[in-house]
Amino acid sequence: MIYDLFLSAMNQGNKLLVVLLDPDKLDGKSIVETIDHINHSGADFIFVGGSIVEESVTDELVSKIKALTSLPIVLFPGNYIQITSNADAILFLSLISGRNPEYLINQQVKAVPYLNKSELEVIPTGYILVDGGKETAVQKVSETKPILAENIDEITQTAMAGMYMGNKLIYLEAGSGALNPVSAAAIKSVKKNLNIPLIVGGGIRSKADLLEAYKNGADVVVIGTAFEENSNFLDKIVKNEHIC
Ligand code: 1GP
């Protein structure tokens, strides 16, 4: 099971690296070359998803990726129509930093017929958008406000509420292409209060950012934009260098 990989990594202090592929941003890029880079990057998972992607695009893309890698493929959908049974698992997201019922329960209900037709492993995930210095796609599409970066208590309490509601992962998100990643203080405070794995993503653009997120308590770090802009970005990141 995919979730067990997250859990046992957390329990063993093993840090995990995820490359996020947004089907919307892959236009014109060679999938073969992209996946080849990922296969050699030390990444542990591939997440696929984006805020504005159409149904058939994800389905086709995931099939292609599957043929090119043995890494687990996890859906990170911006919308239920992106659900495809070709992947291994799905982050079943609730946007718990927001107050829009569409992304707290309605999308989830609409997802069920798709999930019923698939064998996807469903991983309940509390998704928390923190202000990363600019308006991001998630914010626009979900019509929700991120939590202000300095509101560490609110971020922490939201993460804990997400855990108490039964989520198995918490995803602290500054938004794709964020100017500022989630702060050290926020990651540390959330980590201290959680007993489930913590994913951190958004605006992580250097090896120093990555190591910093791990050091502060991220169990899993997601890299999207930095890899999209430079597919060599992860080449020098060796697995055992992850842990500080
Ligand atoms: C976005 O957390 C991911 O949902 C990755 O963000 O594209 O900024 O790396 P970046």
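The lining of the largest cavity draws at least two residues from each of strand S6 (169-173), strand S8 (220-223) and helix H9 (225-229); helices (H or I, at least four residues) and strands (E, at least two) are DSSP runs numbered from the N terminus. The model is predicted, so local features need pLDDT of at least 70 and side-chain atom pairs count only at pLDDT 80 or more, while totals for chains, interfaces and linings use all residues. Residues are numbered from 1 along each chain as its sequence is written, and side-chain values use heavy atoms, without hydrogens and water.

A cavity is a set of points, on a 1 Å grid over the protein atoms alone, where a 1.4 Å probe fits but cannot get out, and lining residues have an atom within 4 Å of a point. The largest cavity is lined by 16 residues, and Ser176, Gly202, Gly203, Gly224 and Thr225 lie nearest its centre. Its volume, the space filled by probe spheres set on the points, is about 110 Å³.

Elsewhere, helix H6 (residues 152-164) packs against helix H7 (residues 184-193) at an angle of about 35°, with the axes 9 Å apart. Axes are lines fitted to C-alpha atoms over the stretch in contact, and angles run from 0 to 180 degrees between N-to-C directions. In contact (heavy atoms within 4.5 Å), Ile152, Ile155, Thr156, Ala159, Met160 and Met163 of H6 meet Ala185, Ala186, Ser189, Val190 and Asn193 of H7.

Confidence, given as pLDDT from 0 to 100 for each residue, is highest in H6, at a mean of 99, and lowest in helix H3 (residues 55-68), at 90.

Definitions and conventions. On a 1 Å grid over the protein atoms alone, a cavity is a set of points where a 1.4 Å probe fits but cannot get out, and a pocket is an open set with protein on both sides within 12 Å along at least five of seven lines; lining residues have an atom within 4 Å of a point. pLDDT is the predictor's confidence in each residue, from 0 to 100.
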